[in-house]
2 protein chains.
Amino acid sequence: MDVDARKLRILQAIIEDYILSNTPVGSRTLSKTSGLGVSSATIRNEMADLTEMGYLMQPHVSAGRVPSEKAYRLYVTHLMPEGLTDAERERARTFFTSRIHDMEDLLAQGAEVISELTHYTALVLTPRQSDLKVSRVQLVPVGEGRALLVIVTDSGIIRDTVLRVSGRLDDTSLYTIGRMLSERLQGLTLRQVRELLYGYAAHSDADARVLSGIADLAGQMEKQTESDRVTVGGAHCILYYPEYAEVSRARAFMAELEDRDCLISLMRQCEGQPSVLIGAETGIPAFSDCSVITAPYRVGHGHTGAIGIIGPTRMPYAHMTELMTLLGEALSEMLS
Amino acid sequence: MDVDARKLRILQAIIEDYILSNTPVGSRTLSKTSGLGVSSATIRNEMADLTEMGYLMQPHVSAGRVPSEKAYRLYVTHLMPEGLTDAERERARTFFTSRIHDMEDLLAQGAEVISELTHYTALVLTPRQSDLKVSRVQLVPVGEGRALLVIVTDSGIIRDTVLRVSGRLDDTSLYTIGRMLSERLQGLTLRQVRELLYGYAAHSDADARVLSGIADLAGQMEKQTESDRVTVGGAHCILYYPEYAEVSRARAFMAELEDRDCLISLMRQCEGQPSVLIGAETGIPAFSDCSVITAPYRVGHGHTGAIGIIGPTRMPYAHMTELMTLLGEALSEMLS
DNA sequence: GTTAGCACTCGCACTATAAGAGTGCTAACA
DNA sequence: TGTTAGCACTCTTATAGTGCGAGTGCTAAC
């Protein structure tokens, strides 16, 4: 038994009905509303087949059918007709204007703003930073044995870390050391810088001793550059969906949202291109009833972060996928 | 009619019972469990008085009594017996060790960690920064007409802002300008700096023209220094309380948590000293069934931020008040 | 002032019932 | 052979009715 054109049309109709109504779809209503031109009995037969093939499920014997994850996957991969209207498309393109100016703003407000537009819980992941190339380095004294190491990267992103340095160093020598570092490190990636610093620490030659605790510095850099950050916005949005009317579900969802590591790995999974993860595909038990739609954005030359939304598997995929892609593009423009 | 000692004891017993059980407290159970040595009838009489005086409420005529906000206020102000055990106290004192090192860590993890300990939704407010005094200033070039303005304050907090500067300025002149600024601004508060910059912009003398758009800079500083930041941790905790079993309530709560401005003003209300806001006292409709317990922490010389928890009005006030105070003190030590 | 007793109230859990939606199967039809 | 109409059956959901129990207020006695 294979999925012929009519089965596909029926499946699509069921999915789209279910996405809107959140109630199991019956054969009778479907034959009336979907305009397929066949009777409910025929649809029943097809439904029975689709159920057998794993595309539909019945909550109980006398209820209508509900699409399975397999059905959503098929829908996302092969069906998905309409996306946005022109007006919506235009709105998405200009959405970030005057709201997001730099990475800081993005982290602080991005998720919030995206969630506002989509009415889904939104996620924003910063670009992986260990691949950024150093364009200049400067040491700023901040008093009693501490200095601020400012690293400007080629895409204009600025990382800074407070370092513990030898108390003997005055402003001018720090400035000099900064210039020296700047020359040596220019063009290297943050990861290479880190490894270089670890190397210095190991050999402990004259240069290395200038700063006390080079290894420590490298460690701090590792912490800063590897730990990509993710922000969550509109967490409460999930509570508008009847799927989360039970507190216990909402609780599990919310608790998971607080696990940044988990969110980061979730977003990383689909890095670089728009992507849809359905239910179990997320790989996170607490999100096994959720779908995640992500889209990349670029900062400078090829460093990509990701934005995403998360909601019940019953999601207007066509709409949201296109929306996220557009928002990612709009964001890339804002940030470059 | 006034609140005599026995009425107080009864009220206290009711409050403490209700905090644990979350069910209206009846006269019979109270006379048995509270060890007051009076019969249920007597308690009933007293309860009737307390109800009349506004300390107790009845959900319906044949239910037990529930403490009103007025009762909680009385409890917090005049009663509140036991606090923490010695073990808990010790744990609180050493709780932050090796977790929170600087302001960044505090913002990133503080709320999360406090919520973990208390099982309440936690809030962390950064110290108000416009009162900080400048100890040094440095300009770091970051390429094509942009510079990073690093302001180190007396308590070691570092604020940095990316500025748009004239493209004609090379590294050395920026460094010089930085030194110049440093001398002029040293000892001023960030607010004074801001006003000074606005003044420069207004008079537009020779010094001012060095940086293009001084007013812009001042504006950016205002944005950075006035907008104190608040982070939320353990938002899901509220969902463990039966008061929030209804999604609509949880939703309102969660939505309000996303309004940072609201949270900031909430935390600011009780700046400087441990404080308890009960129900309507919060001044926020969405939190009118919540209580907020806050405690201050200090960074450096007298600049205070605040930590807090928020939960249902039915809260173990004695316990939590002491806990938050201790945590605030522990935090102050970590950060100085 | 305190207590025992008693009638009364009212929410809540439980049961029974009816309604409605939807299915699967069978038989007839094109 | 595919499609359709009809029908019996299933199962959820909503509604109403019922009994129980917790708790109160009042009264009268101690």
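**View 1. Polar contacts between chain B and chain A.** Between chain B and chain A, 6 residue pairs are in polar contact, both residues at pLDDT 80 or more; a polar contact is a pair of N or O atoms within 3.5 Å, where within protein one must be able to donate a hydrogen and the other to accept it, and residues adjacent in sequence count only if both atoms are side-chain atoms. The count of salt bridges between the two chains is 0 (a side-chain nitrogen of Lys or Arg within 4 Å of a carboxyl oxygen of Asp or Glu). This is a predicted model, in which local features need pLDDT of at least 70, side-chain atom pairs count only at pLDDT 80 or more, and totals for chains, interfaces and linings use all residues. Side-chain values use heavy atoms, without hydrogens and water, and residues are numbered from 1 along each chain.

**View 2. The area buried between the chains.** About 3100 Å² is buried between chain B and chain A, and carbon and sulfur atoms give 55% of this; buried area is the accessible area (1.4 Å probe) that two parts lose on being put together, summed over both. In chain B, the residues that lose the most area to chain A are B:Arg136, B:Arg251 and B:Glu258, together 19% of what that side buries.

Terms used
Chains are lettered from A and ligands numbered from 1 in the order in which they are written.
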